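Student: I have a model open and want to learn how to read it. Where do we start?

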Amino acid sequence: MELASPSGMLIDAQTKLNLLDCLRNSLEDACRRLADKFGLYDEAGRPRIAYITDVLTRYTCPSCAFQALTQTPEPVEVDAIFREIHNLAVMLLAQALRSLRQRHLNIQDEVEGEYGRLDLLVYRLRGSLLLVQSACSEVIVEVKTNLGFSLKQVLRYLIEKPNATAIIWRVRKRQILAIDGEKHRWLIIAFTASALQQALTILNGEFTPCKHKKPKNRPAELQNPQDMLDDFLTGLIEDLPKVVSAVMQIIEAKKKTSITCEGAVSTPQSESKQR
Ligand SMILES: [Zn+2]
């Protein structure tokens, strides 16, 4: 299939995927250099690519991003209620999907990705005897317990899994939103390129100090825990079947297009990153 680029030039789907692969490799290389420069490694000694990409994309201003990279991030105290209801929602959704008993469906929770931890990753397996992961059938579910959500966080996940569809379940808002990585490929390419641009600006020192005031990392305040809990639990049980249905609809739709898609994405690079 040929699609027009923003400049009007015809570019096929494989070329776009190769372009994204190339940008992602360059971004990860730049993140490793930033990790080296600022000593940003996790306990296992791996560069903190998810954290660095978060900082690179959180600030438009390179000076603000530079300062954030030089400071040790303060741990944000999160009210235990958010963690509890989040775990409950992820558990109920994972088990509801598993209860469908679809042999060709794999459901994983708390998946450590290169660009952050996915709440839920659902994908279709293909084959009859030896089941292997179907390259184009992934659905990421991100459960949001409070009223806010980060669009950039979801786009980061799509840098690593560009063929996935991300579902954002805003439980209290009663919203189920989806971002299809294939449909919005140019956006993911632009987002990856912008993170890379920010990384290179910082590595090359091509910025001047700014006077932006830094917002404090305040924990989410709970004004009325009872109302919040009622809201959440009601939304959770009423919308759970809708989220299950949304996940299954996407998986089914992807199944139909996966024949052309799988030929296009089974590069050693993308296979090696599946986990
Ligand atoms: Zn700034």
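**Reading the helices, strands and loops**

Tutor: Start with helix 5, which is mostly covered: 7 of its 10 residues are buried. Buried means that 20 or more other C-beta atoms lie within 10 Å of a residue's own; 12 or fewer is exposed, in between is partly exposed, and C-beta atoms are placed from the backbone. Helices (H or I, at least four residues) and strands (E, at least two) are DSSP runs, numbered from the N terminus. This is a predicted model: local features need pLDDT of at least 70, side-chain atom pairs count only at pLDDT 80 or more, and totals for chains, interfaces and linings use all residues. Residues are numbered from 1 along each chain as its sequence is written.

Student: Which residues of helix 5 are buried?

Tutor: Val154, Leu155, Arg156, Tyr157, Leu158, Ile159 and Glu160.

Student: At what angle do helix 5 and helix 6 pack?

Tutor: Axes are lines fitted to C-alpha atoms, for helices over the stretch in contact, and angles run from 0 to 180 degrees between N-to-C directions. Under 35 degrees counts as roughly parallel, over 145 as roughly antiparallel, 65 to 115 as roughly perpendicular, and the rest as oblique. Here helix 5 (residues 151–160) and helix 6 (residues 185–203) pack at about 100°, their axes 10 Å apart. Helix 5 is therefore roughly perpendicular to helix 6.

Student: Which residues make the contact?

Tutor: Contact means that two C-beta atoms, placed from the backbone, lie within 7 Å. Helix 5 contributes Leu155, Leu158 and Ile159; helix 6 contributes Ile188, Phe191 and Thr192. By class, that contact has 5 nonpolar residues, 1 polar and no charged. Ala, Val, Leu, Ile, Met, Phe, Trp, Tyr, Cys and Pro count as nonpolar, Asp, Glu, Lys and Arg as charged, and the others, Gly among them, as polar.

Student: How do I check the span of helix 6?

Tutor: The expected span is 1.5 Å times one less than the number of residues. The 19 residues of helix 6 should span 27 Å, and its end C-alpha atoms are 27 Å apart, which agrees.

Student: What do the buried residues of helix 6 pack against?

Tutor: First, the general idea. An α-helix has 3.6 residues a turn, so residues three or four places apart point the same way. In helix 6 the buried residues include Ile188, Thr192, Ala195 and Ala199. The buried residues of helix 6 pack against helix 1 (13–38), helix 2 (49–58), helix 3 (62–70) and helix 5.

Student: How do helix 1 and helix 2 cross?

Tutor: Their axes come within 10 Å and cross at roughly 100°. Helix 1 and helix 2 are therefore roughly perpendicular to each other. Glu28, Cys31, Leu34 and Ala35 in helix 1 meet Ile49, Ile52 and Thr53 in helix 2. The contact of helix 1 with helix 2 has 5 nonpolar, 1 polar and 1 charged residues.

Student: Now the strands. In which sense do strand 3 and strand 4 pair?

Tutor: Strands pair if DSSP finds at least two bridges between them. Strand 3 (residues 105–113) and strand 4 (residues 116–126) are antiparallel, over 8 bridges. Asparagine 106 has tyrosine 123 in strand 4 as its bridge partner. A hairpin of 2 residues joins strand 3 to strand 4. Strand 4 also runs antiparallel to strand 6 (residues 139–144), joined by 3 bridges. There, leucine 121 stands opposite isoleucine 140 in strand 6.

Student: What should I look for in phi?

Tutor: Most residues other than glycine have a negative phi, and most peptide bonds are trans. Glutamate 110 has a positive phi of about 45° although it is not a glycine. Glutamate 110 is in strand 3 and is exposed, with 12 other C-beta atoms within 10 Å. Arginine 174, not a glycine either, has a positive phi of about 60°. Arginine 174 lies in the loop between strand 7 (165–170) and strand 8 (175–180), and is partly exposed, with 13 other C-beta atoms within 10 Å.

Student: Where does glycine 205 lie?

Tutor: In the loop between helix 6 and helix 7 (225–265). With 9 C-beta neighbours inside 10 Å, glycine 205 counts as exposed. Glycine 205 and serine 63 are 142 residues apart in sequence and 9.3 Å apart in space, C-alpha to C-alpha.
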